[in-house]
Amino acid sequence: MDRGLDNGAEAVVIGGMVLDVNATPSTATNRGTTAPGKIRYALGGVARNIAECMSKLGAKPYMISAVGFDLAGNMLLEPWRAAGLSVEGIRRSKDIETATVCIVFDGGGELAAAVASVESIEKFVTPEWITNFKNNICSAPVMMVDANLSPPALLASCQIAAECGTPVWFEPVSITYTSPNEDELIAMANALSSSDKFLPVQRDGKSARTSIKSLFERLKPAIWVLLEEGIKVVLVTLGPHGVFLCFKAVDGIKKHDPSKNSPFSFSRKLYEAVNVSFPPDRILGTPKSKGNYYVAVHFPALPASVVTLVGAGDCLVGGMLASVCVGLDIMQSVAVGMAAAKGAVETESTVPVEYQLARIADDAGAIYSEAKVIYCESKL
């Protein structure tokens, strides 16, 4: 079956679909007592959030996951069907208890406690289930996997992608892209080097400009470990300080063919708006020489009226994946992803109800214009 012709190629997203139950007290809480407050149900799961963000930006991600026939499963699938997204890859069974996470926030909005029941993802998103969708993975411009999968499922997903030459986003197993925060980067580098020589970064009190340069120098050895292990793109998220985009072999990062995008789709409009606002190759230019390059680019975050940080990282990845699928280059895609993340923190929803094309293009253009190369060196 030829999938995804109306809105560009169809990315495959594998991982959790989770119902979040968020409890926020309106007064100080005391142990052993009940506090008044608000309880809100939110559709969650890293993979599901990323896929939803992609769909809001015109992509049609193909989700591979598992939910039950219970209330939580119905709540998760109802908007999925309403958006016209395929449910073929979402396993359903009376034996599946839909993954649920109960989160209790303190009076300041910070996480106080949480209980997660997500065993069904590991139990039912099996290598056998994933293999059923090998054709989808092989025809995808990129496959994203999240950490809710079991090690055998992760391995099976990456093996299929490797056989087909499909780029993989996330975990450090034969992957193309990964987007850790600072702590996750350190943990990944230590795991890949079988040591504990990389330590968390201690921030200094210097100016923002000096701090960014200093921060990169401290993180650079850990980033290089990931690049040397074969990961092509490492996106280190820095919270309010933006992101570091790091990669090796500039000539090895290929853009997806945008010709399949329907001329009337949101995807096509996104592609055209971004290319008009900020054409590719402005930041690095087009290197004429071949070879291995180590490159790091800092993208600053725009000021935002923060409502909640939940979903920001997922929308960053979702915006990037949607952009890659419509044919934007990696620099443009980072800018769009950061604009999508800004939209997420400014709303109570994990993923905004909708994205306005003009707003995304304007925010992404502002981010792109401020991006700066902080490291570029050829490695012979």
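Let's start with strand 6 (residues 100–105), which runs antiparallel to strand 7 and is joined to strand 7 by 6 bridges. At one point of this pairing, T100 stands opposite S117 in strand 7. Here, two strands pair if DSSP finds at least two bridges between them, and helices (H or I, at least four residues) and strands (E, at least two) are DSSP runs numbered from the N terminus. Keep in mind that this is a predicted model, in which local features need pLDDT of at least 70 and side-chain atom pairs count only at pLDDT 80 or more, while totals for chains, interfaces and linings use all residues. Residues are numbered from 1 along each chain as its sequence is written, and side-chain values use heavy atoms, with hydrogens and water left out.

Strands of a sheet pair through backbone hydrogen bonds, either parallel or antiparallel.

Now for the helix pairs. Helix 1 (residues 46–56) packs against helix 10 (residues 312–326) at an angle of about 50°, and their axes are 8 Å apart. Helix 1 and helix 10 are therefore oblique to each other (under 35 degrees counts as roughly parallel, over 145 as roughly antiparallel, 65 to 115 as roughly perpendicular and the rest as oblique). On the helix 1 side, V46, N49, I50, C53 and M54 do the touching, and their partners in helix 10 include D314, C315 and V317. This contact of helix 1 with helix 10 divides into 9 nonpolar, 3 polar and 1 charged residues. For these classes, Ala, Val, Leu, Ile, Met, Phe, Trp, Tyr, Cys and Pro count as nonpolar, Asp, Glu, Lys and Arg as charged, and the others, Gly among them, as polar.

Helix 10 also packs with helix 11 (residues 330–345), at about 145° and with axes 7 Å apart. Among the residues making this contact are C315, L316 and G319 of helix 10 and V334, G337 and A341 of helix 11. By class, the contact of helix 10 with helix 11 has 13 nonpolar, 4 polar and no charged residues.

Elsewhere, helix 9 (residues 266–277) and helix 12 (residues 357–370) pack at about 35°, their axes 10 Å apart. F266, K269, L270, A273 and S277 of helix 9 meet L357, I360 and A361 of helix 12.

Last stop: a disulfide (a pair of cysteine sulfur atoms within 2.5 Å) joins C138 to C164, with S to S at 1.8 Å. C138 lies in helix 5 (residues 134–139) and C164 in helix 6 (residues 151–164), so the pair ties together parts that are 26 residues apart in sequence.

Notes:
Axes fitted to C-alpha atoms, helices over the stretch in contact; angles between N-to-C directions. Contact = heavy atoms within 4.5 Å.
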